[in-house]
Amino acid sequence: MEIERKKLPKETLEQQKRSCEMAAYFTHSNLQPVHMILVLRTALNLFFKLKNFKTAAAFARRLLELGPKPEVAQQTRKILSACEKNPSDSQQLSYDPHNPFDICAASYRPIYRGKALERCPLSGACYCPEFQGQLCRVTTVTEIGKDVLGLRISPLQFR
């Protein structure tokens, strides 16, 4: 997802907003703390540049909770104090940090809890329903939404 975000053009405001959304979605991935620090720093900087100070402050707090290096923590505290002086978001984005979601592996859009989704039977990657029947972007060998039993192991196989 980060590779796709970096490929996006950043000339217009809409393109910058989409880049921010993708960075925000990536902060909800299950990563090791050292990698999450990098992801949160990226999202923090993008949101700060877009003048979405309220959301940037939330990323700054999450970053400080991970215990980054002293110089990173110092820079993050400076950004956090600037954000807290004007706690508002100038741009409306398609990102709700409080509502749990999965990321569509094809469109990189959130699929919020309770919405219909399709899964890859091998990797478990989530997709929006319009991608059903297509080839999985993760495995490149399985059909999205295909109902399969999966691998079954029997003790008879080990005799």
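These legends go with several close-up views of one predicted model.

**About the model.** Residues are numbered from 1 along each chain as its sequence is written, and side-chain values use heavy atoms, with hydrogens and water left out. Since this is a predicted model, local features need pLDDT of at least 70 and side-chain atom pairs count only at pLDDT 80 or more, while totals for chains, interfaces and linings use all residues.

**View 1. Helix α2 is largely enclosed by the rest of the structure.** Helices and strands here are DSSP runs (helices are H or I with at least four residues, strands are E with at least two), numbered from the N terminus. Helix α2 covers residues 13–26. The buried ones are Lys-17, Arg-18, Ser-19, Cys-20, Glu-21, Met-22, Ala-23, Ala-24, Tyr-25 and Phe-26. What do they pack against? The buried residues of α2 pack against α1, α3, α4 (53–65), β1 and β2.

**View 2. Tyr-25 and Tyr-95 form a tilted ring pair.** A pair of aromatic rings is described by the distance of the centres and the angle of the planes. Rings of Phe, Tyr and Trp (its six-membered ring) pair if their centres lie within 6.5 Å; planes under 30 degrees apart count as stacked, over 60 as edge-to-face and the rest as tilted. The structure holds 7 aromatic pairs. In this one, the centres sit 6.2 Å apart and the planes meet at 55°, so the pair is tilted. Tyr-25 belongs to helix α2, while Tyr-95 is in the loop between α5 (70–85) and β1 (101–103), so the pair ties together parts that are 70 residues apart in sequence.

**View 3. Glu-21 joins a salt-bridge network with Arg-18 and Arg-109.** Side chains of opposite charge can pair when their charged atoms come close. To count as a salt bridge, a side-chain nitrogen of Lys or Arg must be within 4 Å of a carboxyl oxygen of Asp or Glu. The whole structure has 6 salt bridges. Arg-18 and Glu-21 make one of them, at 3.7 Å from N to O. Both lie in helix α2, 3 residues apart, about one turn of the helix. Arg-18 is buried at 14% relative accessible area, and Glu-21 is buried at 7%. Glu-21 also forms a salt bridge with Arg-109, with the closest N and O atoms 3.5 Å apart. Arg-109 sits in the loop between β1 and β2 (110–112), so its pairing with Glu-21 in α2 ties together parts 88 residues apart in sequence. Arg-109 is partly exposed, at 36%.

**View 4. Glu-4 and Lys-7 pair up within helix α1.** The closest N and O atoms of this salt bridge are 3.3 Å apart. The two residues lie in α1 (residues 2–7), 3 residues apart, about one turn of the helix. An α-helix has 3.6 residues a turn, so residues three or four places apart point the same way. Glu-4 is partly exposed at 31% relative accessibility, whereas Lys-7 is exposed at 58%.

**View 5. Thr-27 is buried in a loop.** This residue is in the loop between α2 and α3 (33–49), and Thr-27 has a relative accessible area of 1%. Its side chain reaches the backbone oxygen of Ala-24 at 2.5 Å. Leaving out residues up to four places away in sequence, Thr-27 touches Met-36, Val-39, Leu-40, Ala-43, Phe-59, Arg-62 and Tyr-95, where contact means heavy atoms within 4.5 Å.

**View 6. Lys-51 has a positive phi.** The angle is near 65°, in a residue other than glycine. Lys-51 is in the loop between α3 and α4, and Lys-51 is partly exposed at 49% relative accessibility.

Technical notes
Buried means under 20% relative accessible area, exposed over 50%, partly exposed in between (1.4 Å probe, protein chains only). A polar contact is a pair of N or O atoms within 3.5 Å; within protein, one must be able to donate a hydrogen and the other to accept it, and residues adjacent in sequence count only if both atoms are side-chain atoms.
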